[in-house]
Amino acid sequence: MLLARTALLLLFAFGQCVLGASKSYYNVLGLDKQATDKQIKSAYRQLSKKYHPDKNPNDPSAKDKFVEVSEAYEALIDEKSRQDYDRYGHEAYLQRQQQQGGGGGQHHDPFDLFSRFFGGGGHFGSQGQRRGQSIEIKVGIALRDFYVGRTTEFQWDKQQICEECAGTGSADGHVETCHTCQGHGIRIVKHQLAPGMYQQVQMQCDACGGRGKTIKHKCPACGGARVVRKPATVSVTIQRGMADGTKIAYENEADASPDYVAGDLIVTLVEKDPDLDTDNPDRVDGTFFRRKNDDLFWREVLSLREAWMGDWSRNLTHLDGHVVRLGRPRGQVVQPGHVETVPGEGMPKWHEDGDDVYHKTEFGNLFVEYVVVLPDQMDRGMEKDFHSVFQKWRGKVGVDLHKDSGRPDPVSHAGHDHEEL
Ligand SMILES: [Zn+2]
Ligand SMILES: [Zn+2]
C-alpha cells in the first residue's frame, strides 16, 4: 500500500517534471529565448487574435490558449518578470507568482489586455460592438520583389492606445463618473415649443465629451486623449508572382481606440517605378522590364547591320540576375517591330499554395520587341560601296512595290517603276 502510494507520488512528480520541461512561455508564443520585445508583441498580436474565444465559438480549448498567450506575454514583456522567469524556470516562476501576488498579481484580465492592443471591450465577435474604420495603405514594391519574392517592412502613423495610461487617459489611474451626465454621456434638454408643449432633445454631454467619465489628472503622454499617434511597423511578405494591386488584409490592425475594436489594415501592393540606386544594385536589365499580368516586355535595339545581316547576340540580365540570350546567326533578318516570344522568361505564376513539391512554378512569357536604328550618317566610302552593291542588284531582284500593293495602275504617274531592297 505504502509502496503503491510512493509509486503514485513518483509518477506524479515525474509527470510534473515532464510538463515543466516541455512547457515554456517562449514555446507558447512560438519564440526562442533571445526574442526581442518587438517579437513578443508581434507574437501576442497574432496569437491572441487567433485564439480569441469570439473567433472560436466551437472550440472550448481556444479560451485556455487565449489565456495562456496573455499570461506568456505579460510574463515576458516586463523586464523584471522576464529575468525571474529565465532564472527560475516555468514551474518555480508560477509558484513565486502565487506566493508573492496572492490576488494583487501582475496579471490582467486577458480580455483587458487584448483591448489594450485592439481597442473596444476586448471582444470583437459580439454584436453591437463598435468597429473602427478600415484603413488602406499603398506600398510601392519593385518589380524585382514581385519576381523573386521578399519580406519587407514599412511604417505608418497609427493611432495606438496609450501605453502610459493603458488607455484610461489618467495620470494616476483615477477615472471619475461625470457629474454633469451621471455617466450616461448624454443630457436630455427640454425645449418649450408652446406653453405646455415640450420637445425633448438628446444631446451629447459637453462636460465629458459623451464618454460619461472625467479625469482630474491627465496622462502626460497622451494629454488625456487615451490614444497616441506614432509610427507602427508592419511586416509584409510579397510572394513570387503576386499581381500588381494585390491587397493583403491585417485583421484589426488599423487605428486603435478604447471606444471601438480596431478595423482592418488593408495593404495594397503597387508596382513602383524602378529606382536605380536602391532597387538595382546589380544593374540588371530586368529592372526596366514592363509587366502585364504574367508576361514581361522588353525593347531591344538593333543596328541596321545586325537586323539585316544577322550574326549578333545579346545577354539580357533578368530580374534575379540570370541571363537570357538573344541572337541570330548570320543571314537571319529581324524586321523592325518584330516581337519575339521567349517562353518561360516572364513572371512566375502566383499560386495560392505558394511553391511546393506538388507543383512546379510556371512562368509567363517574355516578349522582346526589336527596334532597328538606321545610321544617321554614313562614311562616304561606305556609301559609295553600298550604292554600287544596290545598283548591281536592283535590276535582278528588285521588288515592284506597286505591283505588290495590288492597287490599280495610276494614269498619269509614270515615275517609279522599281522600288527595291
Ligand atoms: Zn458627462
Ligand atoms: Zn496616456
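## A tour from confidence to core

This is a predicted model. The chain has an average pLDDT of 85, and 85% of its residues score at least 70.

Stop 1: Colour the chain by pLDDT. Select helix H1, residues 2-22: confidence is lowest here, with a mean of 46. Within residues 6-20, pLDDT is below 50. Beyond near neighbours in sequence, that stretch has 3 contacts in the model. Now jump to strand E14, residues 339-342, where confidence is highest, at 97.

**Stop 2: the largest nonpolar core.** This core holds 30 residues. Which of them touch the most other members? Select Leu143 and Phe146.

**Stop 3: a second core.** Select Ala43, Tyr44, Phe66 and Tyr85. They are among the 16 residues of a second, separate core.

**Stop 4: back to Leu143.** Zoom in on Leu143, in helix H8. Is Leu143 buried or exposed? Leu143 has 23 C-beta neighbours inside 10 Å, so it counts as buried; the cut-off for that is 20 or more.

Next, show the contacts of Leu143, setting aside neighbours within four places in sequence. They are Glu271, Pro274, Thr287, Phe289, Arg291 and Leu319.

Finish with one pair from that list. Leu143 and Pro274 are 131 residues apart along the chain. Draw a distance between their C-alpha atoms: the separation is 7.6 Å.

How values were computed: Residues numbered from 1 in each chain as written. Chains lettered and ligands numbered in written order. Predicted model: local features only at pLDDT ≥ 70, side-chain atom pairs only at ≥ 80, totals over all residues. pLDDT = per-residue confidence, 0-100. Helix = DSSP H or I, 4+ residues; strand = E, 2+ residues; numbered from the N terminus. Contact = placed C-beta atoms within 7 Å. Core = buried A, V, L, I, M, F, W, Y, C linked by C-beta atoms within 7 Å. Buried ≥ 20, exposed ≤ 12 C-beta atoms within 10 Å, placed from the backbone.
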